[in-house]
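Hi everyone, thanks for coming.

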Amino acid sequence: MTNLWSVILAIMGILLHSIGILLQKKGTSGINFKELINLKNIKNMKISSDLIIWVIGLILAYNISVFPTAIASKGLAPEVISAISGLGIVFVIILSHIFLKEELYKSDILFAIIIIVCLYVICAAQQRKTITYVDKTAFYALTLSPFLLLIPVFLKKLTNKIKAVLFSSISGLTGGVAYVILNVSVNTGRGSFAGIFRSAYIYEYIIVGFISGAFLQVAYKFGDIIHIVPVQMSLTIIYPLICSYFIFHKSISIVQNLSILVIALCCWIILRRH
């Protein structure tokens with residue numbers, strides 16, 4: 001049976017990330033990003049309440065939320081944590097409905113229940129196993145593989161929609177790898193913060209996480225959110241599953257794997273509807 005404390009911490013990390021996303025969403029309504037990135041006008045830029053809300057959301061989503069997630073990585077496999085991240089979609093939609101008055105569909109409730117049931121199955125089937133072996137060849141191969149999707153971008157002219165899908169795919173795959181790297185970092189560092197920051201893996205996690213976020217922003221430049229987020233979120237959930245087989249040489253759990261795929265599908269449907 002899964003360590004309940006680890007599950008609670010993972011959910012807490014996803015909740016903090018979701019609240020951060022909500023604050024960013026609220027803050028962006030009053031921010032002129034072209035003015036924000038224009039360094040020439042930075043001295044004359046006014047610090048508005050919307051900008052403060054957006055920055056707080058950014059820190060909450062991508063910095064503070066990492067701490068409970070990192071601690072949870074000591075007791076949970078990366079594919080389990082990435083599956084739990086599917087709850088983030090549920091949290092964002094519910095919080096958006098409550099605070100931003102956005103529409104909530106009946107199907108959202110149905111798929112949210114399916115996600116929760118699948119998460120219970122995954123956590124119930126999870127066995128606590130300390131990482132004793134890391135296949136470094138597979139580790140670096142799977143870390144670098146997402147960037148192969150850049151090849152079509154340089155080889156031929158593509159529509160903006162296809163570019164958006166490719167960039168969001170890279171973001172999703174690298175985001176999934178980030179969960180794996182964080183898990184390796186926590187376990188090789190023996191769970192202590194001093195040990196984690198002595199490990200090179202934590203710095204790889206920071207770099208890969210930054211790259212994932214950067215490609216997501218690039219994807220937004222070429223396409224609509226409806227084409228981007230479902231692809232990005234689904235791959236973030238599924239890719240750690242593939243990585244675990246090759247990097248940790250884990251045995252296949254059909255029940256867990258099917259549950260993870262169902263969660264990814266539910267996230268896809270919810271996001272496409274919105």
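**A walk through the helices**

Let's begin with the overall build: the protein chain has 14 helices and zero strands. Please keep in mind that what you see is a predicted model. The protein chain has 274 residues, and 47% of them count as buried. Its accessible surface is about 14,700 Å², with 69% of that belonging to carbon and sulfur atoms. Now take the contacts with a separation of 6 or more: 81% of them are between residues 24 or more positions apart.

So, what sits inside? In general, nonpolar side chains in soluble globular proteins tend to be buried together. Here, the largest nonpolar core has 35 residues, and Leu76, Ile84, Ile115 and Ile263 are those with the most contacts inside it. Which helices supply at least two residues each of this core? They are helix H1 (4–27), helix H5 (78–84), helix H6 (87–99), helix H7 (106–125), helix H13 (225–247) and helix H14 (254–273). Apart from this one lies another core, of 23 residues, which includes Ala70, Ala178, Cys243 and Phe248.

Setting aside neighbours within four places in sequence, Ile263 is in contact with Ala83, Gly86, Ile115, Cys118, Leu119, Ile122 and Ile237.

Ile263 is also one of the buried residues of H14, along with Gln256, Asn257, Ser259, Ile260, Ala264, Cys266, Cys267, Ile270 and Leu271. H14 itself has 20 residues and spans 29 Å from its first C-alpha to its last, close to the 28 Å expected. As a reminder, an α-helix has 3.6 residues a turn, so residues three or four places apart point the same way.

How many disulfides does the count come to? The count comes to zero, taking a cut-off of 2.5 Å between cysteine sulfur atoms. For Cys266, the nearest cysteine sulfur is that of Cys118, 6.2 Å away. Cys266 is buried, since its relative accessible area is 3%. For Cys267, the nearest cysteine sulfur belongs to Cys266 and is 7.0 Å away. Cys267 counts as buried too, at 0% relative accessibility.

Last stop, the aromatic rings. The count comes to five aromatic pairs. In one of them, Phe139 and Tyr140 have ring centres 5.0 Å apart and planes at 90 degrees, so this pair is edge-to-face. Are these two residues buried or exposed? Phe139 is buried, with a relative accessible area of 1%, while Tyr140 is partly exposed, at 38% relative accessibility.

Another pair, Phe147 with Phe215, is tilted, at 6.2 Å centre to centre and 55 degrees between the planes. This pair links distant parts of the chain, 68 residues apart: Phe147 is in the loop between helix H8 (136–144) and helix H9 (151–155), and Phe215 is in helix H12 (residues 200–222). Phe147 is partly exposed, with a relative accessible area of 26%, whereas Phe215 is buried, with 16%. Together with Phe167 and Phe222, Phe147 and Phe215 form one aromatic cluster.

How values were computed
Residues are numbered from 1 along each chain as its sequence is written. This is a predicted model: local features need pLDDT of at least 70, side-chain atom pairs count only at pLDDT 80 or more; totals for chains, interfaces and linings use all residues. Side-chain values use heavy atoms; hydrogens and water are left out. A nonpolar core is a set of buried Ala, Val, Leu, Ile, Met, Phe, Trp, Tyr and Cys residues joined through side-chain atoms within 4.5 Å. Buried means under 20% relative accessible area, exposed over 50%, partly exposed in between (1.4 Å probe, protein chains only). Helices (H or I, at least four residues) and strands (E, at least two) are DSSP runs, numbered from the N terminus. Contact means heavy atoms within 4.5 Å. The expected span of a helix is 1.5 Å times one less than its number of residues. Rings of Phe, Tyr and Trp (its six-membered ring) pair if their centres lie within 6.5 Å; planes under 30 degrees apart count as stacked, over 60 as edge-to-face and the rest as tilted. Accessible areas come from the Shrake-Rupley method with a 1.4 Å probe; for residues, only the protein chains shown count as cover.
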